[in-house]
Amino acid sequence: MLLGKVIGSVVSTQKDEKLEGRKLLLVQVHSQHNKPIDQYVVAIDSVQAGPGDMVLYATGSSARQTTLTEGRPCDAVVMAVVDSWDLGGENVYEKWA
Amino acid sequence: MYLARVTGRVVATQRYTGLEGVALQWIQPLDEDAKPMGDPLVACAAISSGPGDLVMFVDGREAALACPTTFVPVDAAIVGFVEQAVSKGAIIGRGALERA
């Protein structure tokens, strides 16, 4: 899984019918040191994430392994909202700080 | 499967149903000389690994098969400790032994 921050949502009216009713999020990839990377993905939400949330997203065929995305044309799904993480014992990110 | 070093831990309470109780850890993939190769990623830990451990991980759809519930959106999973690995005749890592 890769780390990213939800920076917005995506509205799409004309789309594959199998994507109807799915919430699309715009996610900016972040490094493990919490630095934004100039790379963005559109991902289907499976955990009620919203703008500002730090999230983990799964890519590839794994993204279809949810009840929301099974058998649908989707290659990225937000599967967790991150509260905090540490690296080598040092706290890097704290959601509630 | 690939070699990697566990570098950190991730806390996430709001997660996809079926992933409850699964540990999420930062890993740094390693090359044949045990040097960092490519970008770090977060993987589900199917074993009781922790920061500093030398491990192997699987990526892609198969990673979900290492989780307690297998129909989950997981694309990387730690599946084993590496006690020792030999590359080109040289020992490149001694995970558990190194810490002892």
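Analyst: Two residues are in contact if their C-beta atoms, placed from the backbone, lie within 7 Å. Leaving aside neighbours within four places in sequence, B:Ala77 has such contacts with B:Ala43, B:Cys44, B:Ala46, B:Phe57, B:Val58, B:Ala63, B:Ala66 and B:Cys67. This is a predicted model, in which local features need pLDDT of at least 70 and side-chain atom pairs count only at pLDDT 80 or more, while totals for chains, interfaces and linings use all residues. Residues are numbered from 1 along each chain as its sequence is written, and chains are lettered from A and ligands numbered from 1 in the order in which they are written.

User: Which residues have the most contacts inside the largest nonpolar core?

Analyst: A nonpolar core is a set of buried Ala, Val, Leu, Ile, Met, Phe, Trp, Tyr and Cys residues joined through C-beta atoms within 7 Å. A residue is buried if 20 or more other C-beta atoms lie within 10 Å of its own, exposed if 12 or fewer, and partly exposed in between. Here the largest such core has 55 residues, and A:Val55, A:Tyr57 and B:Ala77 have the most contacts inside it. Strand β5 of chain A, residues 76-81, gives the most to this core, with six residues. Buried residues amount to 35% of the 97 residues in chain A and to 40% of the 100 residues in chain B.

User: How many helices and strands are there in chain A, and what pattern does chain B follow?

Analyst: Helices (H or I, at least four residues) and strands (E, at least two) are DSSP runs, numbered from the N terminus. Chain A has zero helices and seven strands. Chain B has one helix and eight strands, in the order β-β-β-β-β-β-β-β-α along the sequence.

User: Which strands of chain B supply residues to the side that touches chain A?

Analyst: The contact takes 25 residues from chain B and 27 residues from chain A. On the chain B side, β1 (2-11), β2 (14-15) and β4 (41-45) each supply at least two residues, and β1(B) gives the most, with five residues.

User: Which strand of chain A is joined to β1(B)?

Analyst: Two strands pair if DSSP finds at least two bridges between them. Strand β6 of chain A, residues 84-87, runs antiparallel to β1(B), and four bridges join them; B:Val10 is the bridge partner of A:Trp85.

User: Which strands pair with β6(B)?

Analyst: Strand β6 of chain B, residues 76-81, is joined to β4(B) by two bridges in the parallel sense. Strand β5 of chain B, residues 54-59, pairs with β6(B) in the antiparallel sense over five bridges. In β6(B), B:Ile78 is the bridge partner of B:Ala45 and also of B:Phe57.
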